[in-house]
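Q: Hi! Could you walk me through this one? I have some quick things to ask.
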Amino acid sequence: MQNEGEIRIPSGCAITGVISKSGERFSGETAIRSIEPMHDRSNGLGGGFAAYGIYPQNRDLYAFHVFYDSARAKEECEQVLQTSFDVTVAEKIPTRKMPQITDEPAIWRYFCLPYEKLLQSTGLDEREFVSRFVVKINTQIRGAYVFSSGKNMGVFKAVGFPEDVGRYYRLEDYEGYCWTAHGRYPTNTPGWWGGAHPFNLLDYTVVHNGEISSYDANRRFIEMFGYRCTLLTDTEVITYIIDYLNRRQGMSLEETADVIAAPFWSEIDAMDEADRKKFTYLRNVYSSMLITGPFSILLGFTGGMMALNDRLKLRSMVVGEKGDRVYVASEECAIRTVAPELDRLWSPRGGEPVIIQVNEGVRI
Amino acid sequence: MNRIDANGRDFRALNEEIRAAGQEILIENCMGQRYIAAGMSGVSLTIQGIPGNALGCYLNGGTIRVHGNAQDQTGDTMNSGTIVVDGSCGDATGYSMRGGKILVRGNAGYRVGIHMKAYREQQPLIVVGGETGSFLGEYQAGGTIIVLGIGSEKKAPVGNLCGTGMHGGKMFLRAEELPADLPPQVAASKATEEDMAEIDGYLEEFCAAFSMEKQSLFDRPFYVLRPNSANPYQNLYTFN
């Protein structure tokens with residue numbers, strides 16, 4: 001099979017997410033049932049889930065989820081991993097044999113922490129150290145791909161329809177306070193396991209419906225900061241831009257959204273002076289991080305979720321609220337199927353970020 | 001009345017069942033199935049639950065009533081017939097519509113009536129009771145769009161860039177003020193008695209569909225928007 005970047009397939013996607021603001025943990029069955037009625041938005045070439053709060057026993061350790069194409073790749077990766085990390089648990093991720101899911105790689109999970117002395121000698125903070133390590137594995141070890149690298153969270157993805165992928169990974173056995181899910185309809189690239197959504201770095205995950213036209217401008221810029229876009233798919237670059245702006249530059253999520261879905265100059269001209277200054281600054285400094293073209297994304301992070309549409313709103317998105325739960329999906333049916341009665345249902349405007357965080361003081 | 005339980009049905013199976021079900025049909029437990037009643041004519045369909053995208057696409061007659069909300073692209077390229085939605089509609093409602101009527105009691109999303117067109121007796125109509133999102137009537141080429149802003153606290157019940165690319169047809173907005181960012185190619189003015197007479201029947205029909213008093217609509221002014229000439233964009237890309 002030809003991989004990502006070796007073939008172009010011209011041809012949409014489904015996204016859904018649910019979070020409990022009180023931090024109540026619930027099973028992955030909710031996310032599976034939510035994505036299921038949007039079956040026809042994807043074509044079986046990729047499905048995936050991000051789950052937050054699923055590893056409370058190991059909440060302080062990084063959970064690496066890794067795909068291996070070969071025994072050699074695993075051996076090589078584990079060798080590198082063990083030189084830098086204290087690995088507490090190494091295990092196969094439990095899966096269920098299903099006729100719908102084929103060509104499985106070996107799928108492993110490691111709970112680990114970087115060696116303290118090594119970390120100190122590099123002078124890097126822990127998260128930076130880990131993100132560089134992940135980029136290194138994914139670019140230098142052929143056949144090994146770290147697809148999840150945060151603490152107390154995990155990504156589960158495969159080639160297949162999302163509801164099948166969820167059952168394949170036995171997500172009904174996991175409980176998290178926030179879940180996002182994606183059904184893929186690859187537009188430019190073939191479907192393969194690594195190319196399925198969510199895309200992840202540390203605890204950031206992105207699921208995306210759309211096709212960004214600024215990919216190459218964004219890629220050239222972000223690669224100057226040590227990221228490597230290895231998959232030639234647009235969602236990967238969105239993940240790195242968010243990591244760069246929010247984690248490395250210390251910008252708030254609102255500011256991050258103001259960069260990637262910046263208002264039009266005509267809108268900035270009509271703002272009061274303080275806002276005009278702020279938005280002019282952001283657009284000038286981060287012009288190469290403006291994301292153009294149609295997108296609706298759900299960003300998952302520790303303690304919350306952010307939904308964002310492109311500024312022209314070329315993709316659909318609805319938000320539902322019921323009690324302490326907030327739902328975001330491409331279609332209303334995805335919400336109603338798990339929450340028939342809602343307190344509120346609404347559609348965010350293009351470029352308007354919707355940020356939902358667990359209540360203050362909740363231990364997650 | 002034939003009842004169809006849509007629970008767990010794939011959209012193809014559901015549509016086949018609808019086609020075989022006769023004149024009067026009630027669909028229960030609808031959950032996102034697309035293309036309901038695509039290209040059909042002459043049936044009376046009632047839907048409970050959430051119909052999927054492109055409800056009534058290519059509809060060629062008959063009526064569809066939704067007891068709740070509809071999703072995106074309701075009435076995509078419909079030709080004739082009536083779709084009545086008791087709740088709200090998503091984006092691109094009446095997308096490329098070329099005839100028939102869509103009446104929405106609540107709000108509608110972005111790009112309502114995009115690429116709507118008319119020809120002789122084919123005069124499509126969209127009436128939205130509440131507000132719409134941005135790009136209302138984008139590239140509108142014909143037909144009538146009416147936005148009533150019932151319950152709206154905004155001065156104009158529409159989003160940004162209303163009428164972008166409009167080159168035919170008319171829009172009526174019940175509003176305190178016109179939107180501030182109308183493109184230069186759109187001419188707007190207070191509706192005259194003649195304009196109001198033109199839509200009186202439509203308002204009548206809308207109010208009858210949702211058991212409302214037509215008189216209550218006249219406490220706010222109506223504005224009418226139309227392209228400012230027969231060919232408003234002739235110099236936009238080339239100067240010939």
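Q: To start, where does A:Leu202 sit?
A: The place of A:Leu202 is in the loop between β11 and β12 (204-210) of chain A, with strands being DSSP runs of E, at least two residues long, and helices runs of H or I, at least four, numbered from the N terminus. Keep in mind that this is a predicted model, in which local features need pLDDT of at least 70, side-chain atom pairs count only at pLDDT 80 or more, and totals for chains, interfaces and linings use all residues. Residues are numbered from 1 along each chain as its sequence is written, while chains are lettered from A and ligands numbered from 1 in the order in which they are written.

Q: What is phi of A:Leu202 near?
A: Phi is near 50°, a positive value in a residue other than glycine.

Q: Is A:Leu202 buried or exposed?
A: A:Leu202 is buried, with 22 other C-beta atoms within 10 Å. For that label, 20 or more other C-beta atoms must lie within 10 Å of the residue's own; 12 or fewer makes it exposed, in between is partly exposed, and C-beta atoms are placed from the backbone.

Q: And B:Thr77, where is that?
A: B:Thr77 is in the loop between β4 (60-67) and β5 (80-85) of chain B. Its phi is near 60°, a positive value in a residue other than glycine, and B:Thr77 counts as buried with 21 C-beta neighbours inside 10 Å.

Q: Which residues does a cis peptide bond join?
A: A:His197 and A:Pro198, with omega about 0°. A:Pro198 is in the loop between β10 (178-184) and β11 (199-201) of chain A.

Q: New topic: which residues of α2(A) are buried?
A: A:Ala73, A:Cys77 and A:Leu81 are buried in α2(A). Seen down the helix axis, the buried residues fall within an arc of 60° (taken from the directions from the axis to the C-beta atoms), so they line one face of α2(A).

Q: What do they pack against?
A: The buried residues of α2(A) pack against several elements of chain A, including β4 (62-68), β5 (85-92) and α4 (126-140). On the other side of α2(A), A:Ala71, A:Gln79 and A:Thr83 are exposed.

Q: How many residues of chain A are in contact with chain B?
A: 13 residues of chain A are in contact with 15 residues of chain B, where contact puts the C-beta atoms, placed from the backbone, within 7 Å.

Q: What ipTM does the predictor give the complex?
A: An ipTM of 0.94, and a pTM of 0.94 as well.

Note on methods
Two residues are in contact if their C-beta atoms, placed from the backbone, lie within 7 Å.
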